[in-house]
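Here are my notes on the model. Please read them with the structure open beside you.

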Amino acid sequence: MNVLPLLHCLADGEYHSGQDIGRELGVSRAAIWKQMQVIKDLGVGIEAVTGRGYCIPGGLDLLNKERIISAFSELARPLSAHLEVKFSTGSTNTDALACAEAGLSQCLIIAEHQQAGRGRRGREWVSPFGHNVYMSLLWTFQSGIAALEGLSLVCAIAVRRTLQNQGVEGVRLKWPNDVYLDSRKAAGILLEVRGDISGPCQLVIGLGVNTWLPPEVAGRIEQPYSDLRSAGLAIVSRNDLAAALVNELVSALVCFEAQGFEPFREEWMGADLYVGNKVEIHAGSQVKVGDHAGVDLSGRLLLDTELGRVLVAGGEMMPGLRPASV
């Protein structure tokens with residue numbers, strides 16, 4: 001059932017009578033009612049008031065492929081040929097990986113809604129319809145998986161730069177790639193790679209940026225979170241934000257492929273939320289505890305432990321706010 005025409009009709013946030021909607025869309029009131037149920041099942045709040053009609057409180061800023069493409073930079077413009085904007089999908093990362101399996105070297109998937117959005121370490125990424133930005137970029141590197149060390153941090157820097165350019169202040173980073181606002185997670189990144197250690201490889205970069213999370217989805221989120229609207233920040237449209245994210249990410253990828261992580265290290269150090277603090281690093285059943293001393297030229301964490309400084313290449317950072325079991 002195609003509910004997009006009805007969503008476009010209600011996207012302005014105003015009340016529309018069933019009679020007016022039916023006349024505009026050329027459908028019966030019974031058909032409108034059925035479409036309303038589909039929209040509600042997507043998690044979109046609809047108010048129905050006798051004598052006034054139907055309304056989506058606050059309206060919707062629906063994605064528009066042409067508008068996104070029109071805001072691409074010259075570096076990002078080649079992605080226009082392989083950009084797909086989806087109404088709903090399981091996971092944009094899964095879709096981008098399928099494009100890689102089909103032989104594409106680059107593609108960009110952006111969705112209004114994810115039924116099974118994925119975060120790091122197998123977590124769910126809550127993805128309500130018509131809110132936030134959910135996207136995955138497929139990018140091919142010629143230098144192999146071994147040369148991608150530090151790229152996760154670079155992607156987080158690209159998201160931070162984008163938000164700063166939109167006037168968002170106080171954006172901080174948590175190793176290896178979380179983006180925080182007011183000490184709460186506002187964006188996440190999931191990298192998935194296919195290929196050889198030393199030969200060509202394909203990387204899918206999944207980005208989720210919270211522009212606004214409706215209160216009804218809060219119970220599904222397992223950690224403190226933030227979004228741009230709740231923080232009182234005026235933000236450009238989702239279309240412009242999506243394009244800006246792509247532009248910044250592509251620019252960072254081109255720089256990284258040529259020079260590695262080193263040009264980004266100082267910027268990361270200035271934005272790191274937990275540098276200088278005691279932290280725990282969880283990697284499987286292993287836990288390392290120490291003082292976060294920054295990152296090296298490859299993006300590895302510098303951890304000062306009781307046994308001396310160690311380098312950490314991967315894992316989950318937990319702020320040391322409780323006694324650690326060591």
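1. Start with Cys-9. Its sulfur is 11 Å from the closest cysteine sulfur, that of Cys-55, which is too far for a bond. A disulfide here means a pair of cysteine sulfur atoms within 2.5 Å. Cys-9 is also buried, with a relative accessible area of 6%. The terms run as follows: buried is under 20% relative accessible area, exposed is over 50%, and partly exposed is in between (1.4 Å probe, protein chains only).

2. A word on the basis. This is a predicted model, in which local features need pLDDT of at least 70 and side-chain atom pairs count only at pLDDT 80 or more, while totals for chains, interfaces and linings use all residues. Residues are numbered from 1 along each chain as its sequence is written, and side-chain values use heavy atoms, with hydrogens and water left out.

3. How many disulfides does a search of the whole structure find? It finds zero. Cys-201 is in no disulfide either: the nearest cysteine sulfur belongs to Cys-155, 13 Å away. Cys-201 is buried, at a relative accessible area of 1%.

4. Now the rings. The whole structure holds one aromatic pair. Phe-87 and Phe-129 form this pair, 5.0 Å centre to centre, with 55° between the planes, so the pair is tilted (ring centres of Phe, Tyr or Trp, its six-membered ring, within 6.5 Å; planes under 30 degrees apart are stacked, over 60 edge-to-face, the rest tilted). The pair links distant parts of the chain, 42 residues apart. Phe-87 is in the loop between strand S3 (83–86) and helix H5 (92–101). Phe-129 is in the loop between strand S4 (107–111) and strand S5 (133–141). Helices (H or I, at least four residues) and strands (E, at least two) are DSSP runs, numbered from the N terminus.

5. Compare the two rings' surroundings. Phe-87 is partly exposed, at 27% relative accessible area. Phe-129 is buried, at 1%.

6. Arg-229 lies over its face, 4.3 Å from the ring centre. The test is NZ of Lys or CZ of Arg within 6 Å of the ring centre and within 35 degrees of the ring normal.

7. Finally, the sheet. Five strands form an open, antiparallel sheet in the order S13-S12-S11-S10-S14. Strands pair if DSSP finds at least two bridges between them. The edge strands, S13 (308–312) and S14 (316–319), each pair on one side only. S10 (residues 278–283) pairs with S14 over four bridges, in the antiparallel sense. Ile-281 stands opposite Met-317 in S14.
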